[in-house]
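Below is a brief report on one model.

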Amino acid sequence: MTQPTGFEPVKPTLMTYLKSVYAFRHLIAHLARADLRNRFRRSYLGVLWLLVNPLVYTCIFVIIFGAIFNISVREYAPYVLSGIVLWEFISNVVGQSTQSILSAEGYLRQKRIPLFAFCLRTLIYHFVCLLAGLAAVLVVVTIARPGLPLMTLPWLLPAMVLLVVFAAPIGVISAVAHTRFRDYQVVVGHLLMIGYYISPVFIIRKEFDRPGLRVISDFNPITSICDLFRDPLLYGRVPELQDMIVVLAWAAVFWAIAIFALKRTEPDMIFHF
Amino acid sequence: MTSNDMDDGAYIGLRSATLRYPLQPLQRRSIKADLTGLLKRGAKDARVTTRYVTALDAVTLDIRRGERVGLVGRNGAGKSSFLRLVAGVYLPQEGEVIRHGKEQAIFDIGIGFETDATGRENVFYRGLVMGMHPDKIRERADDIIAFADIGEFIDLPLRAYSSGMVVRLAFAISTFLEGDILLIDEVFGTGDLQFYNKAKARMMDLVDNAHIVCFASHDLPAIRDICNRCLWIHGGKVRMDGSAEEVTKAYEAAVVRGEI
């Protein structure tokens, strides 16, 4: 007896669903690679833009806010750059994932492909950009603070895993929500703006420890993510357990929403393009 | 169904499969429309009365290995919906669709390209979309590119192509993939005469090698030529199911009499 082949869509279990995503792993990898190539296809600086952009921003922040906060370039430059790189990753995954499913219409009209595959495409693309950004941070750190202990750098690995586990479901939520409600992108744009100012992206971390702001920083997952990366990268410290718990707790909430949303909407998503 | 039926490999089964297109996503809801709707309560709201279009209505049938099934019927009768339901692009809201065997869909072949990528890259992506292994695609890439015969354009981004070139490439890719169940939706559009003849020959070759063929078309002679069974679909139901000769004649007669 031959087994049914292809993606068996009716009420898939988590296992069969993941299997069908895995079946399209080559497609995901190649599309993500195509996205990276296309982004710089006809640009002169090419991939260098990934580094030029945050570095320019860093310079501006260092000049303006370095003076306002009254801290040295050596201390502030790596801080701001790492903040920008992490923020770019999160806000891009949230914002650009709105197109993940919509832009896959051509494929989905020919073949049943699990929607999560296209969410992964966006995630992988931005993750590669993040890696380039982190490399830039590393360079700036070694220039600005020679002699910093490198022993804690391996802690970046769990930090990256946590960041991806945290960002992936948000990408799914954005992709599903925007395909269903085209107002989503506008709303989320404003939410991101708020997130930018209540997170230690360019504002000095210790400002958020003031009594009134403490509540925000304790529960803000982006604060914890910044800490998880900056502790080993800038200060030679081991990241705190509390930050990991905060990120994981938020990730669990987002995963629950993402899985629910996919389950509910995937069967007839094709009618919503 | 006995287990013997399944041993034949390729098989398509529909069990009271119903496919409805929800209309709500297409009707742009806006706060403005909702507010004016509130004011004009008395007026009949079109959005509420027509929520769905039924594309296929409780269809039950079996298609077994060796059958070449033609699909005839008017525009909007449900032919394309049937093919997409079998391909798994649409899921039935009620009933069941069983498919044994790998499908090879030849519909909407012109969409789903990355326009910034080259033709060569797109050959690769399309193969991956259809679930092929990268090695297999590499193996066949040269044949596909030779068949498309678009010269050095193959290494230029797709946005530089003429519409005819896109069709040629799309056709070449779609017909060099592998599958036991061939699902064809009237594909011959653009492309010059020379390519048309080549494409037709290629198509016949595919039809000969497939285990099951479902071919939706308005070209009744072609259906009589290719198919050994024909479904006349009307209003989402199978109005007639029989030999290609018999069904196409009946359909033709009904059209002439102006019955449908």
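## Charge in chain B

The 34 positive and 36 negative charges of chain B have mean positions 9 Å apart. Lys and Arg count as positive, Asp and Glu as negative; His and the chain ends are left out. Each charge is placed at NZ of Lys, CZ of Arg, CG of Asp or CD of Glu.

## Basis

This is a predicted model: local features need pLDDT of at least 70, side-chain atom pairs need pLDDT 80 or more, and totals for chains, interfaces and linings use all residues. Residues are numbered from 1 along each chain as written, chains are lettered from A and ligands numbered from 1 in written order, and side-chain values use heavy atoms, without hydrogens and water.

## Fold of chain B

Chain B has ten helices and nine strands (DSSP runs, H or I of at least four residues and E of at least two, numbered from the N terminus). Of its 260 residues, 48% are buried (under 20% relative accessible area, 1.4 Å probe, protein chains only).

## B:Thr175

B:Thr175 lies in helix H7, residues 163-175 of chain B. Its relative accessibility is 0%, so B:Thr175 counts as buried. Leaving aside residues up to four places away in sequence, B:Thr175 touches B:Gln104, B:Ile106, B:Arg202, B:Met203 and B:Leu206 (heavy atoms within 4.5 Å).

## Cysteines

The structure holds zero disulfides over all chains (cysteine sulfur pairs within 2.5 Å). A:Cys119 is in none; its nearest cysteine sulfur, that of A:Cys129, is 17 Å away. A:Cys119 is buried at 6% relative accessibility. A:Cys129 is buried at 13%.

How values were computed
Buried < 20%, exposed > 50% of the residue type's maximum accessible area, 1.4 Å probe, protein only.
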